[in-house]
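Here is my short note on this chain. Please read it with the structure open beside you.

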Amino acid sequence: AVEIYVNDKIKAGPWAELSAQVDPLCNGCPGFQSQEDPPPCYSCPLWALRLDLAQLRLLRALELGSTSDKA
């Protein structure tokens, strides 16, 4: 039951729209252009959010049998 619920939410989620709102948050951040190793982005909660949204977009594309966010 949980798997069906989660898959339905992944299919229905507005992941592309959320990503479009979240991605610009990193614009202007000094860490985004950092040459540090590892980059400060790896410990940033906004970076984690961006990665989670990318994963949800990919899962949605796989669930729908498409590789486009337009589906």
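How much accessible surface does the chain have, and what share of it belongs to carbon and sulfur atoms?

1. Surface. This is a predicted model. The accessible surface of the chain comes to about 5400 Å². Carbon and sulfur atoms hold 60% of that area.

2. Secondary structure. Count the elements as you trace the chain. There are 3 helices and 0 strands. In sequence order the pattern reads α-α-α.

3. Overall form. The radius of gyration is 15 Å. For 71 residues, the globule rule gives 11 Å. The value for this chain is well over that, so the chain is more spread out than a compact globule. Its C-alpha trace spans about 45 × 25 × 15 Å along the principal axes.

4. Burial. The chain has 71 residues, and 20% of them are buried.

5. Contacts. Take the contacts in the chain with a separation of 6 or more. Of these, 61% are between residues 24 or more positions apart.

6. A residue to look at. Find V2 in helix α1, which covers residues 2-12. Is V2 buried or exposed? The cut-off for exposed is over 50% relative accessible area. V2 has 64% relative accessibility, so V2 counts as exposed.

Conventions: Residues numbered from 1 in each chain as written. Predicted model: local features only at pLDDT ≥ 70, side-chain atom pairs only at ≥ 80, totals over all residues. Heavy atoms only, no water. Helix = DSSP H or I, 4+ residues; strand = E, 2+ residues; numbered from the N terminus. Buried < 20%, exposed > 50% of the residue type's maximum accessible area, 1.4 Å probe, protein only. Rg over C-alpha atoms; globule rule 2.2 N^0.38 Å. Contact = heavy atoms within 4.5 Å. Areas by Shrake-Rupley, 256 points an atom, 1.4 Å probe, with all protein chains shown as cover.
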